[in-house]
Amino acid sequence: MDKLSNSSLKKHRSVRILYLNELKKCVNAKTTFAVFLIIIVGLVFFALQLNSQPEQVDYDNAQIFLQYEIDSINDTLNDPSIGMSNEMRESYLNTLKIDKYLLEHGIAPYKTHSITNYLLSLNNLFALVVMLSVIVVSKIITDEYKYSTLNILITVPCKRYKILLSKILAMITICISIILSLYLMSIIVGALFFDAGELSSVVVTYSNNVLHVRSVIIESLLNNFYNVFTLIGCASLTLMLSIVLKSGIISTCAGICVYLLGSQLTIALKELPWIKYTLFANMQFQMYVSGVDLFDGVTPTFSIVVLMLYSLLFLMISFIVFEKRNVYE
Amino acid sequence: MNMGNCLSVNDLSVQIKKKQILSNITFNVCEGEIVGLLGPNGSGKTTTIKTMAGLIKKCTGHIESFGVSIDYDFENYIRHIGFAFDKANYYPTESGYDNLRFFSNVYRKCSKEEILQCASEVGLNKRIFDKVSTYSFGMRQRLNFAKSILTSAKLIVLDEPFNGIDPAGIVEMRELILRLKKNNGISFVISSHLLNEVESVSDRLLFYKNGNILRDITVNNYLSYNHYIGIANLDDLINTDTLPNCESLTKVGENTVKVTCAENKIGEVLSLLHKKGYIVTSVSSKKAIEDLYLGTVGGGQIE
């Protein structure tokens, strides 16, 4: 048994070494340092922006505030003169259910100037994170072409698929690390700008006809957990294009565009029956958090499965092209 | 594959985008041997090297290194070959030390002392912790050699190693190649346009043209020299009948003839000239590589 595990370890030693080398290159790269710096600046800027907004919740009279909001929503929903889309109506109904739950259980809604609001609004910053992450991922391959290092890398005693596998593992590690760093840094920055004591409070959300009551830390972690899959989807697309086209600019732009334009495209084309199976439609995890179900029968698990299937497809194409391609440079 | 061969290329053909780049290339490299690849641009030297490195896929043929086929066990095939291409191949933002550690660790775990020892062997110890982006081309070539020594390469394949190196660097490079051959028993395959440099270190020369090997010669046995002989009483009657030992004889000046013959024949030629009453005033010898090259591959037109 020991012999078997030893031989397996030896067999995969080259992948492990190449993987560690990739990570070391990423850690040493100025781009990575810049990415983390920009994320910190973004987090601080976002906290300052949130602080500059007027407080919407009268926290001293929370119960009165909730009752007032419930009455207002009921009036809006019952007013036939106000035309509203199904999504808007659904959103109002969800807020109504949450407000009623908060009122019944004596839970105060979170303030605008609070760490809860800060952590749960961070999805606005996620576009920046996607942008920066795909830049780092595209460099994993395009730098090898740029510096002609692929020549020497392919001539190490390691099959091509192992070289690419190490790069893909590095890519996944980078995506998870960036999201984890975003999560931890957002808690630290949030604690510096807002009352850290609120981290122990609970958040009520409504999605898929179920009310969820979770702590702020868990709710924020869940949002970031979903974002990992979105990021891996974008990064896999970027990696595939950087291998096929050998162009850092095109692959980076494609990775960013699929996320940025995806939400607009999803809303514009939501009537099409196949749209819920597209890559970009399943990157909109915010809809699960806000409780707006754009498509029937679409759950976070469904989106995660679709994103993983797309990522697998992109990575399979990457393996095939990387294995077959002649390297002239 | 014969015993003692570290590389064997048989009937290698490569086609890229429906264009035949290499046709039936066959050659062996013996252990401790230096083989030079010569030929005009586009003749197939670099394609041969890149196919040997697995960078370009071959159409037909067999390539083996130490009895291991490139098709069946690539990892063991390439384990004992070090490649150095004409472009810079190391991570420029990392130090020479980190690059060496990066690549050598894939082969085996190397200690810091081992890496520094190899850097010292190739004369790179003073700059080993500097970033590769600050290295000259010659220093990057040294890094290639250090990597090859560190990874216990038994064959080093160099594509245009003398390009962009100053004359002093070329001399150092040549000495390094010969030292590695002598001390470490490393074989080399060297492709270059600098005929005299390749010829000065090679045991064998392969002349390429249009994807074919036109000639495979062993330098010491067959390569002739051009001897420029100054004769005080030179007359118009001098010709190959006068000197039957030489391959060719041309009058190149009022008192000078160019005699082409093997290096060990020049004594006989001078003795014969003396016997026939000619007064030899000077002799200078040059290897006839350029003439041989032009005679074999022509003027370098790519067909």
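Me: What makes a residue of chain A count as buried, and how many are?
Reply: Buried residues make up 37% of the 329 in chain A. Mind you, this is a predicted model, where local features need pLDDT of at least 70, side-chain atom pairs count only at pLDDT 80 or more, and totals for chains, interfaces and linings use all residues. Residues are numbered from 1 along each chain as its sequence is written, with chains lettered from A and ligands numbered from 1 in the order written.

Me: Why are α7(A) and α11(A) called roughly antiparallel?
Reply: Helix α7 (residues 123-146) and helix α11 (residues 248-268) of chain A pack at about 150°, axes 9 Å apart. Angles over 145 degrees count as roughly antiparallel (under 35 is roughly parallel, 65 to 115 roughly perpendicular, the rest oblique), so α7(A) and α11(A) get that label.

Me: What makes A:V130 part of the α7(A) and α11(A) meeting?
Reply: Contact needs C-beta atoms, placed from the backbone, within 7 Å. A:V130 is among the α7(A) residues that meet α11(A), where the partners include A:I256.

Me: What makes a residue nonpolar here?
Reply: Ala, Val, Leu, Ile, Met, Phe, Trp, Tyr, Cys and Pro count as nonpolar, Asp, Glu, Lys and Arg as charged, and the others, Gly among them, as polar. Among the α9(A) residues meeting α10(A) are A:M171 and A:C175, and that contact has 13 nonpolar, three polar and no charged residues.

How values were computed
Two residues are in contact if their C-beta atoms, placed from the backbone, lie within 7 Å. Helices (H or I, at least four residues) and strands (E, at least two) are DSSP runs, numbered from the N terminus. Axes are lines fitted to C-alpha atoms, for helices over the stretch in contact, and angles run from 0 to 180 degrees between N-to-C directions. A residue is buried if 20 or more other C-beta atoms lie within 10 Å of its own, exposed if 12 or fewer, and partly exposed in between; C-beta atoms are placed from the backbone.
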